[in-house]
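Subject: Structure handover

Hi,

Here is the structure I promised you. Please open it first, then read my notes below.

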Amino acid sequence: MDATFFFDPICPWTWRTSRWLVTVAEARGLRIEWRAFSLGILNGGDVPPEYADAITASNRALRLVEALRAEGRHDEVGRFYAELGARTHDAGNPPSGKLVDAAVEAAGLGDAAPALDDERWDAQVHASHALAYASAGPDIGSPVLMVPGADRGLHGPILTEVPGADDALVLWDSVVPLLRMPAFHELKRARH
């Protein structure tokens, strides 16, 4: 894999970053490994009531992500996430179990659908989350990006919009060397 992208599908910032990474992957012929990062786990299960349905939807989706990953079905994880993000972030709908199910169907992943409600995948979601957190944490969230040849991952990049193809490649060509530089720690600026 050329990049490992740990994500929580309910995060709109993560969605924009994922679309950037897909643009780069298509332009450069890169392979993406999609992995689970759970905002529910990150917050220790202390979820405000208004986010409970979204976290439940995320938990179901992340089980599927790890089940597909375990079978080496990385492209299918990407296709599922694209379908889910289009139904939630692009359409302005809150994440829900119904939208997760619709994304599974649209991605043609009915054979893997039982993983959505199979609690046995929770251990793999926790392990994936722990790997991402150990790689880039503490004080991080979704997403986390890892690339070969880098000792640590990076939280982000966090994007306010999805860049066009040229800017997407410039950003990739800037981020990867920083990731591989052991002395590099952080870049940050306030959001508008």
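Start with two helices, H4 and H5. From H4, the residues Phe80, Glu83, Leu84, Arg87 and Thr88 meet Leu99, Val100, Ala102, Ala103, Val104 and Ala106 of H5. By class, this contact holds 8 nonpolar, 1 polar and 2 charged residues. Bear in mind that the model is predicted.

How do the two helices cross? H4 covers residues 74-90 and H5 covers residues 97-106; their axes come within 8 Å and cross at roughly 135°. The crossing of H4 past H5 is right-handed.

The largest pocket holds about 1,500 Å³ of space. It is lined by 41 residues, and the closest to its centre are His155, Pro157, Ile158, Leu187 and Lys188. Two elements give two or more residues to this lining: strand E4 (154-155) and helix H7 (165-180). Which element gives the most to the lining? H7 does, with 7 residues. By class, the lining of the largest pocket has 21 nonpolar, 10 polar and 10 charged residues.

The second largest pocket has a volume of about 220 Å³. Its lining is Ile10, Leu39, Asn43, Asp46, Val47, Pro48, Tyr51, Ala54, Ile55 and Pro95. Of these, 8 are nonpolar, 1 is polar and 1 is charged.

Best wishes

Definitions and conventions:
Residues numbered from 1 in each chain as written. Predicted model: local features only at pLDDT ≥ 70, side-chain atom pairs only at ≥ 80, totals over all residues. Heavy atoms only, no water. 1 Å grid on protein atoms, 1.4 Å probe; cavity = no way out; pocket = protein on both sides within 12 Å on 5 of 7 lines; lining within 4 Å. Points joined across faces, edges and corners; volume = space filled by probe spheres on them. Helix = DSSP H or I, 4+ residues; strand = E, 2+ residues; numbered from the N terminus. Nonpolar A, V, L, I, M, F, W, Y, C, P; charged D, E, K, R; others polar. Axes fitted to C-alpha atoms, helices over the stretch in contact; angles between N-to-C directions. Left-handed = near helix turned anticlockwise from the far one by under 90°. Contact = heavy atoms within 4.5 Å.
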